[in-house]
Amino acid sequence: MQRWPVLLFLAWVCLLFFAGIGLFMSGFLLTRIELASSSSCSDPLVPPPWERQSLPLGSCWAPQRFSKAVLVIIDALSFEFARFNPAKASPLPYENKLSFLHHLATSQPRHARLYRFRADPPTATMQRIKGLTTGSLPTFIDVGSNFATYAIQEDNLLAQLVQNGRRVVFMGDDTWEGLFPKKFFRSYFFPSFNVKDLHTVDDGILQHLYPTVDSGEWDMLIAHFLGVDHCGHKHGPDHPEMAKKLTQMNEMLRSLVDHLGNDTLLLVAGDHGMTDTGDHGGDSEKEVNAALFVYSRTPLFGTGPPEEPEAVAQVNLVPTVALLLGVPIPYSNIGEVMAELFSGDGDAVSAALQQLSVYHINAKQVDRFLHSYSLVAQDLPAEQLQHLQELFSSAVEEHSQLLAQVQGSTLVPPELESRLGSLISRFQLYLREARAVCTQSWARFHPLRMVGGCTLIAASCLLCYVASELAASSDCFYRSCLLYPLLWGLVVTVLLGLAHAFTQEGLDLLLMSSWAAAASQLGFFWHWWGRHPKRARLAGSQPPLASIGLRQRLREWLGLAFPMGILLFRCGAMFSDSFVVAEARVAPFLLASLVMLLVGKLHWDGRLTVPEGPKQQLLGFSSYRREIWYLLCLVAMLLVCVRLSGFFHQCREEILQCRPSLFLSPLASLRNTRAKNLFYLLCVALLAGLVYAVRSWLRRYGNLNSSDPLVLFVRWGFPLVVLCIACYWAVASSADDSLGKLQELVQVAVVAFPWAVYGLASVGLLLLLCNPMTVFAKDTRESAGSIVTPYLGVPGSEVNFLHVIPQIYKRMQESQKSCLERGNCRATIAAYGLGSVYSAALVIALTLLGFLLMLLHSERLSLAFLLLFLEAFVLLHIHTRARGLAGDAEPFSVPWYAVISWLLAASQFFYSTGHQPIFPAIHWNAAFVGFHLDHSTKLLPAVLVGANTFASHILFAGSWLPSAPALALCV
């Protein structure tokens, strides 16, 4: 079989899967249309009290209350971090550290107030920055922008400030540089993506913060601190380093307040919260529960604070800050203004009138956005839009009537206060329902695309099954079955392109590729079905199906039905929320069930017993083959590995009673020095044990007996890789304050040791690619004649295979005997390690990949990788023993139960290496293993994080190759 048709066929199958996945993702990952419109001072949104009078200089839509504002964003500042509880005698490391905020709120209750700042998911930093500046809701599809930050095109608070001549100064997280290019009067950006770096960003801000505030050359100052967030990622919230970082923030705020003027508003905000493991990105209560603190030297509030802090949405900050600074609210804002900040120093009636005015502006702006958005998109239901329009119109009309009555002095104060309170409630109801409608609409999936994507993927799986069953029947199978599908797909692509050209509509490349993929699949099945009767006629000489016994037919069908049924059950379970949440337990259960069903099937087929005779009856259990006990021991080992792998699971936020595994956190998070040292020694011992096991296995099967470069690398390079990983773990797990003067040297070592591992692994893989032989080979240059066998080509069965091997060794013996008789050993043939000549190279490659992937994980997850290798070894042996007991005479075919068990094992260890299919479980720190500063490109960190996330799939896919020799022989 030629190579190129096979490779082209595999490439086509990959394109089919990509088309199906892309179509599904386009319906599953939420998105919305961004409007290009922007607000301006000339917009007719001024409320009735101010529409007939000129606003103060520098004000738009409403009188400016503050001329300057300082926004301090403490990344991952959870509400629990900011709240102060004096009743706690022994607070946790993250509690009661921001005491200065409590001091301001209690000593100046009308000047300062603490809020619960509710973030909208996804709680990733870039999406929260977008929400804090546009007042709109980013969707989950934007999370990919954390690797490649794109400029915000929507109208936003910074654009309004710059448009109205305000000077915006920024310092901190360099994510803002990509989001708001050329928007800052002055900026100090610092690399932000290295979650192991706790101090670079914060120290850089502190260096410029106070001189910048004192200079007065700014109107809006934004300082984005990252130390708290990075400390959570590296150590978790319950760690002494978190106490130090929060204490540093407390002292920073104390000093900052001393530098503020009377016309300055101070806002201290967290963009999101933090889980117990220091992660974020999802929608759990701890992730969305951030903190907001507001302070001014002049009174802000007309009344004292409530007993419990009020909860406000993060999008509410945008209209509030815009109107306080006297600039228009961004066009796409759906937030509600925090009206209590506009009360002023007057009585209750005047405060309510001021609040009504800003509510009126806010409602007009939201109504304008909803009207504009509904014209370009069909996301918002018409009935709900009509209901919102009625609410808005009635509230605006009543506001105008109320103002007319106030000017005519026809209302007494008690009645006026009641009418004002009722009208404020109606504006609040409109704004909150409008936001709820947008939230629900932008969270609506596209079911038709999702179903179409699933159909394409299912059809691709069926196509692979048909291709695998029919590939051996014809040498020209791949060539013929590739031509017709490509022609069908090309025709559909041309027709769709012509249709778009005539209709003048926009071209959706994803839909076009999906239709082309579906057409090519249809062409494949049509061509296959057309050839099916011919194959049936050619097979007429074989015994008819009716002549096969019913029991044998049932066995054949059940042999495929069991594994395929489990696979279909797992795929179908993906449509259930409960199974998706519990998949970490479902995958190991299905794997164990499949292996137990395999043993049961062998017993049902009578393969676990031998015909009993008088001796067997006397011996009792000796009637079982000796191999059976080995198989049962392997099954028991597999069950133990499955059970132990459950100790390395991450938790989902939906499972409240779940506690994440202690093995997921890095050694640096351990406060007990003795426990840290013990775990470190155990992890290093496991690495050394893995190298010893691999080298012992290679030597046992005749490898490592030459002086080739690859053999020398396995002998000396493997221990050197282990040494570099051990040194990296040692310096990475050390506490920052325990290094002293060695800090700079350690920073170099943290980068140098991973690069040494990258370099050694690359050298090993290159040597493996150039010369994969690890056995001693001698070229005799003597014509030894041909080895005559009655079979041609590659052995197609075990009988053929066993016939060829003895002849090879017989020919070797004859050659050596003739050499000895002639007294000349120059032509002696020597061969070692024939049984592992292919698998040895794969074992070496997998070991190197294992080293690289373990480097990208935390230290204690090396225990999970040991279980992974052990379980893979056990599964391979179970597969081999089961085939031997079943009497399978086709050594170059792989049964489906083995393929599906491998798939389930890969899924099992996806969870057992500390991963979950949720954003908070992504190991972002893998992007900076070997990199101290930020990356110059987003591709490399994406590759490192991807390798960390799919480590189990990479290793199981690689280790499956030794068990699938048919694929290698075909190619």
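Q: Which residues count as nonpolar, which as charged and which as polar?
A: Ala, Val, Leu, Ile, Met, Phe, Trp, Tyr, Cys and Pro count as nonpolar, Asp, Glu, Lys and Arg as charged, and the others, Gly among them, as polar. In this predicted model, the lining of the largest cavity accordingly divides into 10 nonpolar, four polar and three charged residues.

Q: What makes a space in this model a cavity, and how many cavities of 30 Å³ or more are there?
A: A cavity is a set of points where a 1.4 Å probe fits but cannot get out. By this rule the count comes to five cavities of 30 Å³ or more. The largest cavity holds about 210 Å³ of space. Its lining has 17 residues, and the closest to the centre are Lys 196, Pro 666, Tyr 728, Glu 859 and Asn 925.

Q: Which helix gives the most to the lining of the largest cavity?
A: Helix α25 does, with three residues. Both α9 (227-235) and α25 (709-732) supply at least two residues of that lining.

Q: What is known of the second largest cavity, and which classes of residue line it?
A: The second largest cavity contains about 90 Å³ of space. Among its 12 lining residues, Leu 875, His 879, Tyr 897, Ala 898 and Ser 901 lie nearest the centre. Two or more residues of this lining come from each of α21 (583-604), α29 (862-886) and α30 (896-911). By class the lining has 10 nonpolar, two polar and no charged residues.

Q: Why is Ser 372 called buried?
A: The term applies under 20% relative accessible area. Ser 372 has 17% relative accessibility, and therefore counts as buried. This serine is found in helix α13 (residues 348-376). For the protein chain, 48% of the 971 residues count as buried.

Q: How do you know that the side chain of Ser 372 makes a polar contact with the side chain of Tyr 331?
A: A pair of N or O atoms must lie within 3.5 Å, one able to donate a hydrogen and the other to accept it. The two side chains make such a contact at 2.6 Å.

Q: Which residues does Ser 372 touch, not counting residues up to four places away in sequence?
A: Ser 372 touches Leu 35 and Tyr 331. Across the protein chain, among contacts between residues at least 6 apart in sequence, 77% join residues at least 24 apart.

How values were computed
Residues numbered from 1 in each chain as written. Predicted model: local features only at pLDDT ≥ 70, side-chain atom pairs only at ≥ 80, totals over all residues. Heavy atoms only, no water. Helix = DSSP H or I, 4+ residues; strand = E, 2+ residues; numbered from the N terminus. Buried < 20%, exposed > 50% of the residue type's maximum accessible area, 1.4 Å probe, protein only. Contact = heavy atoms within 4.5 Å. 1 Å grid on protein atoms, 1.4 Å probe; cavity = no way out; pocket = protein on both sides within 12 Å on 5 of 7 lines; lining within 4 Å. Points joined across faces, edges and corners; volume = space filled by probe spheres on them.
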